[in-house]
There are 2 protein chains.
Amino acid sequence: MHYTCPVDPLERAAAEAADAHDELAGFRSRFAGADDDAPDRLLYLDGNSLGRMPRETPAVVARVVEQEWGRGLVGSWSSWIGLATEVGDRLAEGVLGARPGEVLVGDSTTVNLFKLLHAAIDARPGRDVVVCCADDFPTDRYVAASVARSRGLELREVPADLDAGLDTDVLAAALDDRAAVLLLSHVAYRSGALADLAGITRLAREAGALVVWDLSHSVGSVPVELGASGADLAVGCTYKYLNGGPGAPAFLYVRRELQESLRSPIAGWFGARDQFEMGPVYEPAEGIERFGAGTPPVLGLAAVDVGVGITAEAGIDRLAAKGRAQGEMIVALADAWLAPHGVVLASPRDPARRGGHVTLAHPQAWQLTQALIARGVVPDFRTPDRVRLGPAPLYTRFVDVWDAMDRFREVLTTREHERFPAERARVT
Amino acid sequence: MHYTCPVDPLERAAAEAADAHDELAGFRSRFAGADDDAPDRLLYLDGNSLGRMPRETPAVVARVVEQEWGRGLVGSWSSWIGLATEVGDRLAEGVLGARPGEVLVGDSTTVNLFKLLHAAIDARPGRDVVVCCADDFPTDRYVAASVARSRGLELREVPADLDAGLDTDVLAAALDDRAAVLLLSHVAYRSGALADLAGITRLAREAGALVVWDLSHSVGSVPVELGASGADLAVGCTYKYLNGGPGAPAFLYVRRELQESLRSPIAGWFGARDQFEMGPVYEPAEGIERFGAGTPPVLGLAAVDVGVGITAEAGIDRLAAKGRAQGEMIVALADAWLAPHGVVLASPRDPARRGGHVTLAHPQAWQLTQALIARGVVPDFRTPDRVRLGPAPLYTRFVDVWDAMDRFREVLTTREHERFPAERARVT
């Protein structure tokens with residue numbers, strides 16, 4: 001299916017027509033609260049921060065809690081023991097373009113980044129530089145910096161444009177023969193800029209470095225194709241476009257051919273070979289399980305599995321095509337309606353260079369965010385002066401995007417955002 | 001209340017009498033499946049591996065999933081943001097004898113061990129030995145060994161008797177001026193041997209070393225009293241006696257006075273000061289939050305909170321007293337009924353030196369475990385030849401223990417365990 005931005009995005013009828021032809025329209029009713037049709041309904045454009053709850057999830061979680069734990073008790077470990085790799089396999093094949101046995105679900109994105117960065121550094125002895133992007137998500141930069149420091153390596157932060165993302169030529173210059181590993185987000189959290197996964201992987205390989213890709217903002221929103229792109233290592237989050245729930249366990253990917261040569265710095269019993277032998281010495285498990293650590297979070301894994309299943313069923317190509325068309329609509333409407341009020345596009349204008357969200361800049365972005373929420377539009381604020389709009393193609397319609405932009409225009413026209421505090425609350 | 005082993009443990013009536021006077025009897029009905037009175041009911045003596053499900057838990061989890069996530073969406077982060085410390089505070093005050101702001105719930109026991117071991121080593125520069133117990137739980141030994149190796153330190157494994165646990169004099173000799181940190185389980189996973197928390201903490205302090213206590217097998221079953229004992233660092237599991245659910249998030253404890261001087265090796269955004277400033281450089285948060293890493297597992301935290309609440313309500317002193325009396329009953333019945341069949345006590349005989357479980361050794365322990373499960377008694381097998389019996393005072397009655405031992409005797413008398421495979425399955 002070919003999704004395009006409605007012909008005349010300024011007309012709501014065009015958005016309605018796009019929805020009428022949406023092959024993914026049926027998925028909307030699979031998410032709680034997403035199929036509200038009231039004019040004053042909540043317009044949730046924060047699927048890139050916390051995805052909506054699939055309607056199946058409560059029953060799946062209840063079954064795990066009441067039946068498997070409550071009745072099955074410790075005997076249920078016979079089915080839970082492989083859950084982290086089983087959910088990983090479904091994610092690998094259904095969403096990531098990877099093979100079974102290459103993805104493990106568990107721990108947080110932060111902990112997984114930590115594991116793979118250390119493993120990558122171990123695999124490049126003699127190289128003394130960790131490369132990261134100066135505008136990457138905080139936890140990525142913090143982990144890169146602290147891992148580099150603890151290993152006595154230099155951290156090389158490649159500057160990036162807050163709006164346009166990383167310049168590949170600038171990055172290429174940073175990938176010299178001292179570079180052990182590059183840590184980079186596939187889609188930039190602030191601007192939504194989409195990095196060239198295959199191209200940068202190739203660049204790094206030519207320089208002899210490994211790349212740890214952070215797929216948190218791309219998994220479920222744009223094609224990832226880890227296998228075809230030649231990617232070696234990746235981590236990512238499941239509570240955004242995969243709709244796995246708040247604080248859902250993250251995932252890690254290690255290309256099969258590399259697994260045997262890499263070791264996790266966190267040698268736990270769930271990464272050990274013959275785990276229940278409880279032997280005297282840690283021997284890593286053979287496959288992707290060696291990157292496990294402690295007991296996997298069973299409730300969280302069950303919820304992730306639901307979200308992964310729905311995403312795979314919808315198909316990442318359709319989701320990405322629809323997401324791109326919605327992004328184009330946001331850009332067109334922002335140009336027409338919001339730019340006169342000083343709103344500036346803070347994402348790449350070329351849709352081929354954008355992930356699933358579009359970011360807008362305005363000096364009063366914090367107040368605008370509050371005013372939008374008061375009007376039933378949920379975006380999120382990002383420093384220093386950005387409003388992120390993240391439609392989720394699984395459950396966001398074109399008219400939802402249109403109506404959200406219409407309310408945004410109204411806020412600006414009436415200047416109602418100026419009634420909200422200019423000083424930021426500590427927790428957003 | 002004073003619990004004692006029933007006067008004549010060989011008589012079931014004595015067990016019934018003990019139950020009739022049990023102040024904790026009312027807690028039994030708060031756990032799914034625990035108040036079955038049928039003669040052929042399941043006798044679950046594996047509360048030290050996976051605790052039973054509190055009846056409140058499904059509704060609490062459902063509320064978090066359906067209301068907070070499903071309806072509240074990303075806005076619910078205003079209440080989730082403090083959950084890891086709030087549940088930690090309830091655990092600190094209600095169960096651990098610690099102060100608010102000293103306990104954080106999240107990550108796995110393995111990851112928390114990893115964090116605190118690195119932090120402790122950093123705090124003892126110039127010292128080059130990590131001390132652990134040669135019979136400690138695998139993940140503890142594996143983490144200690146790999147952390148020591150990665151830091152270029154020596155691992156000193158103190159030998160321990162598989163039945164009696166660690167000899168304090170042997171341990172004292174290992175705590176010399178090279179020792180940076182000792183990692184030790186408060187209750188030994190195999191034998192149930194109880195270590196002297198205050199005494200060993202003092203020994204280590206006199207030697208200039210820190211102790212990371214693993215409370216996985218003691219939290220919820222014996223008094224811990226972290227504050228009074230002077231303990232500096234601890235981690236522990238919440239899915240055993242705390243009934244937090246399969247793979248529930250673990251906890252870590254850092255004495256308040258030490259927090260400012262310690263840093264987590266995993267510098268994640270949930271451990272950063274002013275997290276949503278997303279600043280260029282990682283600055284650790286001020287309190288226990290600095291030991292956080294990635295986004296906390298909200299569903300798991302909600303389930304842990306229920307288990308912590310019930311444990312605190314029952315009171316650790318009563319739970320420990322009842323558990324000790326039940327342990328004495330197991331020992332008395334094993335002596336009388338099982339010893340003639342070659343079963344040997346593999347836990348300290350002195351109840352003051354035991355935690356909440358009692359371990360029995362027999363050359364056919366694996367077959368006995370299978371036969372017991374077939375008879376509706378759930379113990380667990382531990383290498384090389386052990387059967388662990390872990391009554392949980394919150395929901396195990398004296399008659400449940402009596403009946404379990406009676407079935408154990410029947411298995412041995414009829415030799416029905418010999419009909420089960422002698423070769424161990426890989427997953428137990």
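**Chain A and its partner copy**

Chain A holds 14 helices and 13 strands, where helices (H or I, at least four residues) and strands (E, at least two) are DSSP runs numbered from the N terminus. With a radius of gyration of 22 Å, close to the 22 Å given by the globule rule for 428 residues, chain A is as compact as a globular protein of that length; the radius is taken over C-alpha atoms, and the rule is 2.2 Å times the number of residues to the power 0.38. This is a predicted model, in which local features need pLDDT of at least 70, side-chain atom pairs count only at pLDDT 80 or more, and totals for chains, interfaces and linings use all residues. Residues are numbered from 1 along each chain as its sequence is written, chains are lettered from A, and side-chain values use heavy atoms, without hydrogens and water.

**Size and packing**

- Along the principal axes, the C-alpha atoms of chain A fill a box of roughly 70 × 55 × 45 Å.
- Buried residues make up 65% of the 428 in chain A (under 20% relative accessible area, 1.4 Å probe, protein chains only).
- Of the chain A contacts (heavy atoms within 4.5 Å) between residues at least 6 apart in sequence, 72% link residues at least 24 apart.

**How the two copies relate**

- Chain A superposes on chain B by a rotation of 180° with 0.0 Å of shift along its axis, at RMSD 0.0 Å (least squares on C-alpha atoms of residues with pLDDT of at least 70 in both).
- That is the relation of a two-fold axis.
- The copies meet through the same surface, because 100% of the interface residues of chain A are also interface residues in chain B.

Terms used
Buried < 20%, exposed > 50% of the residue type's maximum accessible area, 1.4 Å probe, protein only.
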